Amino acid sequence: MNEPRYETDVAVVGAGPAGVAAAVMAASLNLRTIVVEADRVGGKLHTIKALENVPGTWSNGPQLAEALAADIERLTEAGQCTVVHERAVRVRGRDDDAELTLESGAVVTAQAVVVATGVAALMPADVDWVSTPAEFSAPPLWRAVPQHLVGRTYVLGGDRPLGTWLRAHPGTSMTLHVLCPPSDDYKVEEVARDSRVRIVPVAHVAIARPTHGGGWLVEVEQRAGERTSYVATTVLGNLGNKPAALEGLARGEDGYCPPHQQHPRIHIAGDLRSARYQRISTSQGSGAEAVLAHYYATAL
């Protein structure tokens with residue numbers, strides 16, 4: 001019987017920390033690799049202003065993103081990796097191979113596909129604990145510059161960029177009033193001792209224009225049922241993420257893609273796995289592990 005033929009040994013979707021780690025590991029195992037990336041190598045690293053829990057001497061995300069780009073360039077020049085700048089839309093595992101469909105309609109076949117598409121930011125319309133008028137827009141916290149924040153500032157949600165922002169701006173003394181739903185309680189524990197943070201536990205928040213003056217009226221329903229209104233000069237978004245899953249992946253109840261639920265030829269790496277383990281170091285480890293799992297499965 002003829003051996004099945006593939007365009008590549010491993011197709012990697014996403015060139016963030018997990019995807020690049022997968023490509024590097026594949027190259028070390030002499031596996032041909034195609035990396036599909038719709039944007040740029042490094043992904044969301046380009047928006048992270050401070051790194052504290054990543055081994056090495058990195059002080060910010062763009063530095064690490066530049067290093068990952070150099071890794072991909074090195075692999076490409078060595079003929080171990082091909083980069084396709086396009087968006088992947090669907091993945092399918094089969095008995096003898098896996099198939100990755102791109103937005104253009106092109107199809108990439110591989111022995112295995114590592115999906116490391118990460119997450120996308122949640123908007124107020126995506127969560128049930130925030131109500132806003134149609135014209136409301138909350139700039140993301142990670143883009144906020146302390147010098148431009150005047151008056152009372154409220155933050156919608158206690159997602160982890162809150163801690164990153166505080167580490168990136170150690171000299172600022174301004175106070176962030178963080179409106180925290182129950183689902184974010186475990187996240188804000190990381191910054192609870194920072195004197196610049198005021199955690200406001202909430203059940204629901206309604207944003208409206210005040211009758212007089214500028215800014216926003218923030219109406220808070222506390223978890224015990226009491227209601228309080230605040231006037232905010234600035235409201236920033238920090239609501240968390242939603243998985244950027246491809247069609248064809250098995251999803252859990254929360255929308256994330258547990259690795260053990262996928263077809264044997266499809267491997268999940270990085271933030272797409274779970275909301276609980278969204279760290280750069282764990283993403284890199286999972287990318288390398290995904291390729292090793294494929295390598296040893298086919299070697300047996």
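What percentage of the contacts in the protein chain with a separation of 6 or more do residues 24 or more positions apart account for? The share is 58%, where contact means heavy atoms within 4.5 Å.

**View 1. The whole protein chain.** This is a predicted model, in which local features need pLDDT of at least 70 and side-chain atom pairs count only at pLDDT 80 or more, while totals for chains, interfaces and linings use all residues. Residues are numbered from 1 along each chain as its sequence is written, and side-chain values use heavy atoms, with hydrogens and water left out. The protein chain has five helices and 17 strands; helices (H or I, at least four residues) and strands (E, at least two) are DSSP runs, numbered from the N terminus. The C-alpha trace spans about 75 × 40 × 30 Å along its principal axes. Of the 300 residues in the protein chain, 46% are buried; buried means under 20% relative accessible area, exposed over 50%, and partly exposed in between (1.4 Å probe, protein chains only). The protein chain exposes about 15100 Å², of which carbon and sulfur atoms supply 49%. Accessible areas come from the Shrake-Rupley method with a 1.4 Å probe, and for residues only the protein chains shown count as cover.

View 2. A pair of aromatic rings is described by the distance of the centres and the angle of the planes. Rings of Phe, Tyr and Trp (its six-membered ring) pair if their centres lie within 6.5 Å; planes under 30 degrees apart count as stacked, over 60 as edge-to-face and the rest as tilted. By this rule the count comes to three aromatic pairs. In one of them, the rings of Phe136 and Trp216 have centres 4.9 Å apart and planes at 80°, so this pair is edge-to-face. The pair links distant parts of the chain, 80 residues apart: Phe136 belongs to the loop between β8 (130-131) and β9 (153-156), and Trp216 to strand β13 (residues 216-221). Both Phe136 and Trp216 are buried.

**View 3. The aromatic pair of Tyr154 and Tyr230.** The ring centres of Tyr154 and Tyr230 are 5.4 Å apart and the planes stand at 40°, so the pair is tilted. Tyr154 lies in strand β9 and Tyr230 in strand β14 (residues 227-232), so the pair ties together parts that are 76 residues apart in sequence. Tyr154 counts as buried because its relative accessibility is 1%.

**View 4. Charged ends over aromatic rings.** A charge sits over a ring if NZ of Lys or CZ of Arg is within 6 Å of the ring centre and within 35 degrees of the ring normal. The charged end of Arg209 sits over the ring of Trp216, at 3.8 Å from its centre. Likewise, the charged end of Arg276 sits over the ring of Tyr186, 3.9 Å from its centre.

**View 5. Ala232 in strand β14.** Ala232 lies in strand β14. With a relative accessible area of 0%, Ala232 is buried. Not counting residues up to four places away in sequence, Ala232 touches Arg152, Tyr154, Gly215, Trp216 and Val218. Ala232 and Gln222 are 10 residues apart along the chain, and their C-alpha atoms are separated by 17 Å.

View 6. In helix α3 (residues 161-168), the buried residues are Leu162, Gly163, Thr164, Trp165 and Leu166. These buried residues pack against β10 (176-180) and β11 (197-201). Gly163 has a relative accessible area of 6%. Trp142, in the loop between β8 and β9, is partly exposed at 32%. Between Trp142 and Gly163 there are 10.0 Å in space, C-alpha to C-alpha, and 21 residues in sequence. Leaving out residues up to four places away in sequence, Trp142 touches Thr47, Lys49 and Trp165.

View 7. Pro124 lies in the loop between β7 (119-121) and β8, and is buried, with a relative accessible area of 16%. Apart from neighbours within four places in sequence, Pro124 is in contact with Val130, Thr132, Phe136 and Leu239. Asn30 is found in the loop between α1 (17-28) and β2 (33-36). Asn30 is exposed, with a relative accessible area of 68%. Its phi is near 60°, a positive value in a residue other than glycine.
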